Amino acid sequence: MIIIGEKINGSIPVVAKAIAERDESLIRERAKMQADANATYIDCCASVEKNEVETLKWMIDQIQSVTDVPICIDSPSAQACVDAIPFCNKPGLINSVSMEGNKVETIFPVIADTEWECVALLCDDEGIPKSIERRMDVFNNIMEKAKEYRIAPSRLHIDPLVVTLSTDEEALLSFVECCHQIRKAYPDVHITSGLSNISFGLPMRKYINLPFMVLAINAGMDSAIVDPTNTDMLGVIYGAEALLGIDEYCLNYIEAYRDGLLTKKEL
Amino acid sequence: MSTYERISQFVVDGKEDDVINEINNALKAGEDATNIINKGLLEGMAIVGEKFAKSEMFVPEVLMASRSMNAGMDIVKPLISDSEIHNLGTVVIGTVKGDLHDIGKNLVVMMLESAGFKVVNLGVDTAKEEFVEKAKENNADIVAMSAMLTTTMAHMEDIIKACQDAGIEAKYMVGGAPLTPAYAERINAIYSADASTAALKAKEII
């Protein structure tokens, strides 16, 4: 499982405060914590009203001062994503493009002949498509654009955009169907999800989030934006992969246990 | 239990068919349509609002309750004249440009409607110009804005300014995950943390 660590995001109040006060230690600590928990990428989202690129630079500098885990540049502004690329020591992940506005045209040419990977959301100027058919249309449009810019499917992390179960009982079922169709068409493309949206509006959200993870992995999801220090979530990921035969001799599961990733830390 | 209490309870329980049956029986028995609305349907939604604010009820249950209330309204509203419909004021509401999140905003719409407001729902990804146009057209008492992203939240200030420049005399309400009371105060808007609070605050400022 490709784990995109979500703990450095300006929409989290303590992180927003650290960004506003330029508190280096909090950002560094969260970067280190996620690197130690084997995050594949460390997501970096400023979520500020002004000076976003400058803020991203400062955040990326802090992360890179403690770890060489690649950065996932996260911004709703495609231009900010592109502008932050030169701050990164090595190719990472862009979060994200979609078929909205000129996002693809802003980001794809810049990463065309690089090793940068990119998250692609299955929405367009009309929002999140209601039907699976329309969502797959958006998917096919994105794959066509990727081909045009010589971006191999294996560099894309498709986010089919899970909707909220509390307002749509078929939220998981639609997600799974999208995953199946995507996998069938492109065996090498990654499928990712921010996932916690699924449980909005319901009590004890972890009991929705954890089974969602299992069902999504079973449907072919191989990348996720999660908190890598959440031992329950990590345990479920490694356990599910072992059960589904995508972890030979259960070695990853055992190693995760040995590395202490599945046991809660005493604080 | 009176027939109004039963209607109210069926709304809280989200029992659409029972709401419809109870209202039809009440009307046959000569009960007043306005009372059915105020003491039955809206009273039920008021209880739902309180329970939701206290995390005793959850989003799917609120949706069921709202659906039941609306099924009841469809029966009784045609029986009374517009002037008899309790109207506290008009709220023009939308999720701002660049933002597609609508669950929270839709809950606010439900709570405002059940509190007795006329609500004009502009949906998601709403341009500044549309807020201005609809606020003018509907003579809005309140313009309410929702945003889930820090970056889209910044549009709120522009919308308020555009409304003021267009001579619209309304109060402004804001809500959504990135919003804080301090930010709301800075842009001269009123902040609410959840849908029930939004309805309570709307009643206060009207």
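Start by selecting helix 1 (residues 3–12) of chain B together with helix 2 (residues 16–28) of chain B. In this predicted model, the two helices pack at an angle of about 165°, and their axes are 9 Å apart. Angles over 145 degrees count as roughly antiparallel, and helix 1 and helix 2 of chain B are therefore roughly antiparallel to each other. Their crossing is left-handed.

Now show the side chains along this pair. Which residues of helix 1 of chain B meet helix 2 of chain B? They are B:T3, B:R6, B:I7, B:F10 and B:V11. Across from them, helix 2 of chain B brings B:D18, B:V19, B:E22, B:I23 and B:A26. Colour this contact by class and you will find six nonpolar, one polar and three charged residues.

Helix 1 of chain B passes helix 3 of chain B in a right-handed crossing.

Next, pick out B:Y4, B:I7, B:S8, B:Q9, B:V11 and B:V12, which are the residues of helix 1 of chain B that meet helix 3 of chain B. Their partners in helix 3 of chain B include B:N35, B:I36, B:K39, B:L41, B:M45 and B:V48. By class, this contact has nine nonpolar, five polar and two charged residues.

Zoom out to the domains. The domain assignment of chain B gives domain 1 (3–84) and domain 2 (90–205). The C-alpha centres of these two domains of chain B lie 26 Å apart. Where they touch, 10 residues of domain 1 of chain B are in contact with 10 residues of domain 2 of chain B. On the domain 1 side, helix 3 and helix 4 (59–76) of chain B each supply at least two residues. Which helix of chain B gives the largest share of that side? Helix 3 of chain B does, with seven residues. By class, the domain 1 side has seven nonpolar, two polar and one charged residues.

Finally, bring in chain A. There, 16 residues of chain A are in contact with 15 residues of chain B. The chain A side divides into six nonpolar, nine polar and one charged.

For a last view, colour by confidence. Chain B has a mean pLDDT of 93, and 100% of its residues reach 70 or more. For the complex, the predictor gives an ipTM of 0.82 and a pTM of 0.88.

Conventions. Residues are numbered from 1 along each chain as its sequence is written. Chains are lettered from A and ligands numbered from 1 in the order in which they are written. This is a predicted model: local features need pLDDT of at least 70, side-chain atom pairs count only at pLDDT 80 or more; totals for chains, interfaces and linings use all residues. Axes are lines fitted to C-alpha atoms, for helices over the stretch in contact, and angles run from 0 to 180 degrees between N-to-C directions. Helices (H or I, at least four residues) and strands (E, at least two) are DSSP runs, numbered from the N terminus. A crossing is left-handed if the near helix is turned anticlockwise from the far one by less than a right angle, and right-handed if clockwise. Two residues are in contact if their C-beta atoms, placed from the backbone, lie within 7 Å. Ala, Val, Leu, Ile, Met, Phe, Trp, Tyr, Cys and Pro count as nonpolar, Asp, Glu, Lys and Arg as charged, and the others, Gly among them, as polar. pLDDT is the predictor's confidence in each residue, from 0 to 100. Domain bounds come from an automatic or database domain assignment. Angles under 35 degrees count as roughly parallel, over 145 as roughly antiparallel, 65 to 115 as roughly perpendicular and the rest as oblique.
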